[in-house]
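The following exercises ask the reader to examine a protein chain step by step. Please study the sequence and the structure before turning to each solution.

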Amino acid sequence: MSTQKEEPLNAAESAAMQRIAAAQHGIQSGVAVDLADGEKNLLAKHLRVGINSALVETGALGRLLVDKGIVTRLEYFERMAEAYEDERQRYEQRLTVRKGVRITLG
C-alpha cells in the first residue's frame, strides 16, 4: 500500500476524469443492452474478475509511469479518456448494427 499522498487534481485533470466517467457510463449502458439482449458470453463472475484485474493492472502501470516522470498525471488521464471514448464508440457501432437504429450511449 502506498503511503505517498496524492496531489489534488487540477482543472485539466478533473476535466479528463469527467470524460472518463462519461465514457464509462456509456460502456456500462452498452453492457446493459448486451445483457438485456441475452448475450451469451456475459457472466457476472467473469465480468467482475476481468474488471478488477484490468483496474489493478492499469492503476499500477499508470502510477509507475507517473512516479517515474515518464508521463504526467494529466497525460495519463487524457489517454485513459480517449481509450474509454473509443470503447464507447465501438459499443455504439456494434449496437447500431444489431438494432438497426443509431445508438448513442452515455
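**Exercise 1. Describe the pattern that the chain follows along the sequence.**

Solution. Read from start to end, this predicted model shows the pattern α-α-α. The chain accordingly contains three helices and zero strands. The helices span residues 11-36 (helix 1), 44-67 (helix 2) and 73-99 (helix 3).

**Exercise 2. State what share of the residues counts as buried, and what share of the contacts joins residues at least 24 apart.**

Solution. Begin with burial: the chain has 106 residues, and 21% of them count as buried. Next, consider the surface, which comes to about 7700 Å² of accessible area. Carbon and sulfur atoms account for 58% of that area. Finally, take the contacts between residues at least 6 apart in sequence: 70% of these join residues at least 24 apart.

**Exercise 3. Determine which residues and helices line the largest pocket, and which classes of residue are found there.**

Solution. A general idea comes first. Rolling a probe the size of a water molecule over the atoms shows where empty space is left.

Step 1. The largest pocket holds about 750 Å³ of space. Its lining consists of 21 residues, and the closest to the centre are Gln24, Ile51, Ala54, Leu55 and Tyr84.

Step 2. Helix 1, helix 2 and helix 3 each supply at least two residues of this lining. The largest share, eight residues, comes from helix 3.

Step 3. Sorted by class, the lining has 14 nonpolar, four polar and three charged residues.

**Exercise 4. Carry out the analysis for the second largest pocket: which helix gives the most to its lining?**

Solution. Step 1. The second largest pocket has about 260 Å³ of space. Twelve residues line this pocket, and those closest to its centre are Glu6, Arg63, Val66, Asp67 and Arg73.

Step 1. Helix 2 gives the most, with five residues.

Step 2. The lining of the second largest pocket divides into three nonpolar, three polar and six charged residues.

**Exercise 5. Find how many salt bridges the whole structure has, and describe the one between Glu13 and Arg73.**

Solution. Side chains of opposite charge can pair when their charged atoms come close. A search of the whole structure finds six salt bridges.

Step 1. In the pair of Glu13 and Arg73, the closest N and O atoms are 2.9 Å apart.

Step 2. Glu13 belongs to helix 1 and Arg73 to helix 3, so this pair ties together parts that are 60 residues apart in sequence.

Step 3. Glu13 and Arg73 are both buried, that is, under 20% relative accessible area.

**Exercise 6. Identify which residues are linked with Asp37 in a network of salt bridges.**

Solution. The network links Asp37 with Arg98 and Lys99.

Terms used:
Residues are numbered from 1 along each chain as its sequence is written. This is a predicted model: local features need pLDDT of at least 70, side-chain atom pairs count only at pLDDT 80 or more; totals for chains, interfaces and linings use all residues. Side-chain values use heavy atoms; hydrogens and water are left out. Helices (H or I, at least four residues) and strands (E, at least two) are DSSP runs, numbered from the N terminus. Buried means under 20% relative accessible area, exposed over 50%, partly exposed in between (1.4 Å probe, protein chains only). Contact means heavy atoms within 4.5 Å. Accessible areas come from the Shrake-Rupley method with a 1.4 Å probe; for residues, only the protein chains shown count as cover. On a 1 Å grid over the protein atoms alone, a cavity is a set of points where a 1.4 Å probe fits but cannot get out, and a pocket is an open set with protein on both sides within 12 Å along at least five of seven lines; lining residues have an atom within 4 Å of a point. Grid points are joined across faces, edges and corners, and a volume is the space filled by probe spheres set on the points. Ala, Val, Leu, Ile, Met, Phe, Trp, Tyr, Cys and Pro count as nonpolar, Asp, Glu, Lys and Arg as charged, and the others, Gly among them, as polar. A salt bridge is a side-chain nitrogen of Lys or Arg within 4 Å of a carboxyl oxygen of Asp or Glu.
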